[in-house]
Amino acid sequence: MTSTHKAWRLHAHNDLRFEDVTTPMPAPDGVVVRIEAGMVLSYTNRLLSGALPYSLPPMPFVPGTNAIARVVAAGDNVTHVQSGDRVFLSPHLRGDVPDRDPPQILIGLTATVTTPEALALQARWRDGVFAEIAHWPAACVTPLANLDDKRATELIGLAKLIVPFGGLQRSGLRGGQTIIVNGATGYFGSGAA
């Protein structure tokens, strides 16, 4: 692993810079990955300009949500992936607390609510995937076993399923139950269908 890498960092609205940043070591519950492909949301420009009223991470931060990546190093408490594994990075991080409505963020994008717990989670995991290297919470890293023959630009389509998956997860849907998807239009809605 190199000591520095390149990343796009937002210093203020309309102030996005491509710069050298220090490559982190993984936290015990984190994974350091090399980005192969990242998704750019259609409204990214509006987000970076401040036109959208999102609760952005503390600046400067690296924007970007979903990615396909390779594990470079895994933290001591991470057991489901190891160095060299190809993975999918989801930005949807839920606080690990016994609460019906735990704090949640979308890494590199927004806190879904602005409670002190959510903002603390966002301050810890603020940097997204618009970089060569990313440090990601292991809870949001999914191994992509037996998919090395697929191009990263194909696999990034999995990002379309993250928002619907979050909705299904939040509903408490379990095996054997039925759900109706109504109004499945647009990018994420069609992913739900």
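Val 33 stands opposite Ala 134 in strand 9. Strand 3 (residues 30–38) and strand 9 (residues 133–137) pair in the antiparallel sense over five bridges. Strand 3 also pairs with strand 4 (residues 67–74), again antiparallel, over seven bridges. There, Ile 35 has Ala 69 as its bridge partner. Strands are DSSP runs of E with at least two residues, helices runs of H or I with at least four, numbered from the N terminus. Pairing requires at least two DSSP bridges between two strands.

The model is predicted: local features need pLDDT of at least 70, side-chain atom pairs count only at pLDDT 80 or more, and totals for chains, interfaces and linings use all residues. Residues are numbered from 1 along each chain as its sequence is written, and side-chain values use heavy atoms, without hydrogens and water.

The largest pocket holds about 330 Å³ of space. Its lining comprises 15 residues; Ser 90, Ala 139, Thr 142, Ile 162 and Phe 165 are the closest to its centre. Helix 4 gives the most to this lining, with four residues. A pocket is an open set of points on a 1 Å grid over the protein atoms alone, where a 1.4 Å probe fits, with protein on both sides within 12 Å along at least five of seven lines; lining residues have an atom within 4 Å of a point. Points are joined across faces, edges and corners, and the volume is that filled by probe spheres set on them.

Ser 90 lies in the loop between strand 5 (86–89) and strand 6 (92–94). Ser 90 counts as buried because its relative accessibility is 11%, under the 20% cut-off (1.4 Å probe, protein chains only).

Conventions:
Buried means under 20% relative accessible area, exposed over 50%, partly exposed in between (1.4 Å probe, protein chains only).
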